[in-house]
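User: Got a model to go through with you. Can you take me through the contacts, the helices and the charged pairs?

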Amino acid sequence: MPPRRRSPASHSSAAPLRAVADVSVPAPPVPLDDVDRQILVLLSQDSRRSQRALARELGMSAPAVGERIARLERLGVIQGYGVRVNWSAAGYPMTVYLIITAVQGYQQQDLVQQLSVIPELEALDIVTGAMDMLARLRVRDHLHLRQLLMDCIWQIEGVQRTETALSLVEIEPKNLVADLLSAPPGEPA
């Protein structure tokens, strides 16, 4: 892809990432006891598990478990519940990693906003190193990828260059919650 012209001065800033979401100083960790960690591990294994079932497994009352879960949600430890999709079965078998380099001085918040409206965008990280962003996309096939690159991503002002990597094999994701939170704090997982 040919290099793009530098964007107008209004896009440059001393702190180009300041306005991008979640760049603020992280909040201090929430103190979690063994019961909190057990609840998180159990919910990570099956988020549809009822409070009554959790209470039985933990040897607690259902209202006590409900209060714990409400506290974890209120404090932002639990941010939501979801479903895992078999993307091949849903018609989107290809995972594509897109390395994006922005035009020097271009406000990355503008790029994030333009990229975030792309339906195929699964994740977008602003990273350190020679590249500026790493995007993960879901596409149907090579034709879909070509159309997405040519008609959408390469048309975004501020994108200087891209590199595309296709995932050949996807390994089943591990349960990071269980791996990290099963061990007591301060001990290696």
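Analyst: Among contacts in the protein between residues at least 6 apart in sequence, 70% join residues at least 24 apart. Contact here means heavy atoms within 4.5 Å. This is a predicted model: local features need pLDDT of at least 70, side-chain atom pairs count only at pLDDT 80 or more, and totals for chains, interfaces and linings use all residues. Residues are numbered from 1 along each chain as its sequence is written, and side-chain values use heavy atoms, with hydrogens and water left out.

User: How many helices and strands are there in the protein?

Analyst: Six helices and four strands. Along the sequence the pattern is α-α-α-β-α-β-β-α-β-α. Helices (H or I, at least four residues) and strands (E, at least two) are DSSP runs, numbered from the N terminus.

User: What share of the residues counts as buried?

Analyst: 28% of the 189 residues. Buried means under 20% relative accessible area, exposed over 50%, and partly exposed in between (1.4 Å probe, protein chains only). The accessible surface comes to about 12,600 Å², with 54% of that belonging to carbon and sulfur atoms. Areas come from the Shrake-Rupley method with a 1.4 Å probe; for residues, only the protein chains shown count as cover.

User: Helices next. At what angle do α2 and α3 pack?

Analyst: About 105°, with the axes 8 Å apart. Helix α2 covers residues 51-58, and α3 covers 62-74. The two are therefore roughly perpendicular to each other. On the α2 side, the contact uses Gln-51, Arg-52, Leu-54, Ala-55 and Leu-58. On the α3 side, Ala-62, Val-65, Gly-66 and Ile-69 take part.

User: What are the cut-offs behind those angle words?

Analyst: Under 35 degrees is roughly parallel, over 145 roughly antiparallel, 65 to 115 roughly perpendicular, and the rest oblique. Axes are lines fitted to C-alpha atoms, for helices over the stretch in contact, and angles run from 0 to 180 degrees between N-to-C directions.

User: And where do the axes of α1 and α3 stand?

Analyst: They come within 11 Å and cross at roughly 85°. That makes α1 roughly perpendicular to α3. Helix α1 spans residues 34-45. Its Val-35, Asp-36, Ile-39, Leu-40 and Leu-43 meet Val-65, Arg-68, Ile-69, Arg-71 and Leu-72 of α3.

User: Charges now. How many salt bridges does the structure hold?

Analyst: Eleven. A salt bridge is a side-chain nitrogen of Lys or Arg within 4 Å of a carboxyl oxygen of Asp or Glu. One of them joins the side chains of Arg-71 and Asp-36, at 3.1 Å, N to O. Arg-71 lies in helix α3 and Asp-36 in helix α1, so the pair ties together parts that are 35 residues apart in sequence.

User: Is Asp-36 buried or exposed?

Analyst: Buried, with a relative accessible area of 2%. Arg-71 is partly exposed, at 23%.

User: Which residues are linked with that pair in a network of salt bridges?

Analyst: Asp-33 and Arg-68 are linked with Asp-36 and Arg-71 in the network. Elsewhere, Arg-49 forms a salt bridge with Glu-57, the closest N and O atoms being 3.4 Å apart. Asp-179 forms one with Lys-174, at 3.8 Å between the closest N and O atoms. Asp-179 is partly exposed at 37%, and Lys-174 is exposed at 60%.

User: Switching to Arg-138. Where does Arg-138 lie?

Analyst: In strand β3, residues 133-139. Arg-138 is buried, with a relative accessible area of 10%. Leaving aside neighbours within four places in sequence, Arg-138 is in contact with residues including Trp-87, Thr-95, Glu-120, Glu-122 and Glu-170. The C-alpha atoms of Arg-138 and Glu-122 are separated by 6.6 Å, at 16 residues apart along the chain.

User: What does Thr-95 touch?

Analyst: Not counting residues up to four places away in sequence, its partners are Arg-136, Leu-137, Arg-138, Ala-165, Leu-166, Ser-167 and Glu-170. Thr-95 sits in strand β1 and is buried, at 2% relative accessibility.

User: Last one. Which residues form a nonpolar patch on the surface?

Analyst: Val-83, Val-85 and Trp-87, with about 280 Å² of accessible area together. Patches are made of residues with over 30% relative accessible area and no salt bridge: like charges are joined within 9 Å, nonpolar side chains (Val, Leu, Ile, Met, Phe, Trp, Tyr) within 5 Å. Val-85 lies in the loop between α3 and β1 (94-102). Val-85 counts as partly exposed, at 40% relative accessibility.
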